[in-house]
Amino acid sequence: MKNRSKRYTTAAALVPAGKTYGLEEAVGTVKKFPAPKFDPTVTVSFHLGVDPRKSDQMVRGSVALPHGSGKNVRVAVFAAGAAAEAATAAGAEFVGFEELIKRVQGGFTDFDVAIATPDAMTEVRKIARVLGPRGLMPNPKTGTVTDDTAKAVKEVKAGRIDYKLDKNGNISGAVGKASFTEEALVDNARAFIESVVRAKPPSAKGNFVRSVTVAASMSPGIPLESGAYTKSV
């Protein structure tokens, strides 16, 4: 048995064992949890009925949260010339090409999202071993490989999140902070859930969504009625 804090135990008492929740009720319950000394991040996590070992069953994508993520997203952009200037003007924290690649080769990964122009990808692929395991590798499917660096930077900072299936068949995404209104959290969570459901691979058979859970940092998870998400939206 783990030693749980009094705050966690109080929160867990609000989540009866075996009960599943509608999205609105789940978010309302999260808002009732005792507040810690920081603003917890609210996440939605999926366990999917796909085989992560099969390339044709990979699930990944991106979604713009209607109310933003509440997170200060640090962006690195691998680009040169006008694309680099546009990225800097749009608010990217780290912009460069060869010098930035050398920094990453040296272990620098102090950013949340990486964006690259198509021309830069030949060199960026050389640091895939650094970026890939951290989920930072630019990818056209998530809009992070593009010539329009300004648009990509603005979208990421406005609340676009990228997601990707892990080796255990799970996907998780931050949909806001506990301080958000219930309506904002519900809107953000619904947008994320619908995006993941739409990303179901054609080769996936059977029950695509095995389970969905809403949780706040250092608090118990709240299971959603996953049956509502077994069909495409």
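How are α3 and α7 oriented to each other, roughly parallel or roughly perpendicular? The legends below begin with this pair. The model is predicted, with local features requiring pLDDT of at least 70 and side-chain atom pairs counting only at pLDDT 80 or more, whereas totals for chains, interfaces and linings use all residues. Residues are numbered from 1 along each chain as its sequence is written, and side-chain values use heavy atoms, with hydrogens and water left out.

**Figure 1. Packing of helix α3 against helix α7.** Helices (DSSP runs of H or I, at least four residues) and strands (runs of E, at least two) are numbered from the N terminus. The axes of α3 and of helix α7 (residues 149-158) come within 7 Å and cross at roughly 25°; axes are lines fitted to C-alpha atoms, for helices over the stretch in contact, and angles run from 0 to 180 degrees between N-to-C directions. α3 and α7 are therefore roughly parallel to each other, given that angles under 35 degrees count as roughly parallel, over 145 as roughly antiparallel, 65 to 115 as roughly perpendicular and the rest as oblique. Their crossing is right-handed, a term used if the near helix is turned clockwise from the far one by less than a right angle, anticlockwise being left-handed. On the α3 side A83, A86, A87 and A90 meet T149, A150, V153, K154 and K157 of α7, where contact means heavy atoms within 4.5 Å. The residues of this contact comprise 6 nonpolar, 1 polar and 2 charged. In this classification Ala, Val, Leu, Ile, Met, Phe, Trp, Tyr, Cys and Pro are nonpolar, Asp, Glu, Lys and Arg are charged, and the others, Gly among them, are polar.

Figure 2. A87 lies in helix α3 (residues 81-90). With 0% relative accessibility, A87 counts as buried; buried means under 20% relative accessible area, exposed over 50%, and partly exposed in between (1.4 Å probe, protein chains only). Leaving aside neighbours within four places in sequence, A87 is in contact with V77, A92, V95, T149 and V153.

**Figure 3. Oblique crossing of helices α2 and α8.** Helix α2 (residues 23-32) and helix α8 (residues 182-198) have axes that come within 10 Å and cross at roughly 130°. The two helices are therefore oblique to each other, and the crossing of α2 and α8 is right-handed. L23, E24, V27, G28 and K31 of α2 meet E182, L185, V186, A189, R190 and I193 of α8. Among the residues of this contact, 6 are nonpolar, 1 is polar and 4 are charged. The buried residues of α2 are L23, A26, V27, G28, T29 and V30, and what covers them includes β1 (41-48), α8, β8 and β9.

**Figure 4. Aromatic pairs.** The structure holds 4 aromatic pairs; rings of Phe, Tyr and Trp (its six-membered ring) pair if their centres lie within 6.5 Å, and planes under 30 degrees apart count as stacked, over 60 as edge-to-face and the rest as tilted. The ring centres of F108 and F111 are 5.6 Å apart and the planes stand at 50°, so this pair is tilted. Both F108 and F111 are buried. For Y163 and F192 the ring centres are 5.6 Å apart and the planes stand at 80°, so this pair is edge-to-face. This pair links distant parts of the chain, with Y163 in strand β6 (residues 160-164) and F192 in helix α8, 29 residues apart. Y163 is buried at 5% relative accessibility, and F192 is buried at 0%. F46, Y163 and F192 form one aromatic cluster.

Figure 5. M218 has a positive phi of about 60° although it is not a glycine. Most residues other than glycine have a negative phi. M218 counts as exposed at 57% relative accessibility, whereas S219 counts as buried at 13%. Leaving aside neighbours within four places in sequence, S219 is in contact with R7, Y8 and F33. R7 lies in helix α1 (residues 6-12) and is buried, with a relative accessible area of 16%. With neighbours within four places in sequence again left aside, R7 is in contact with P34, A35, P36, S217, M218 and S219.
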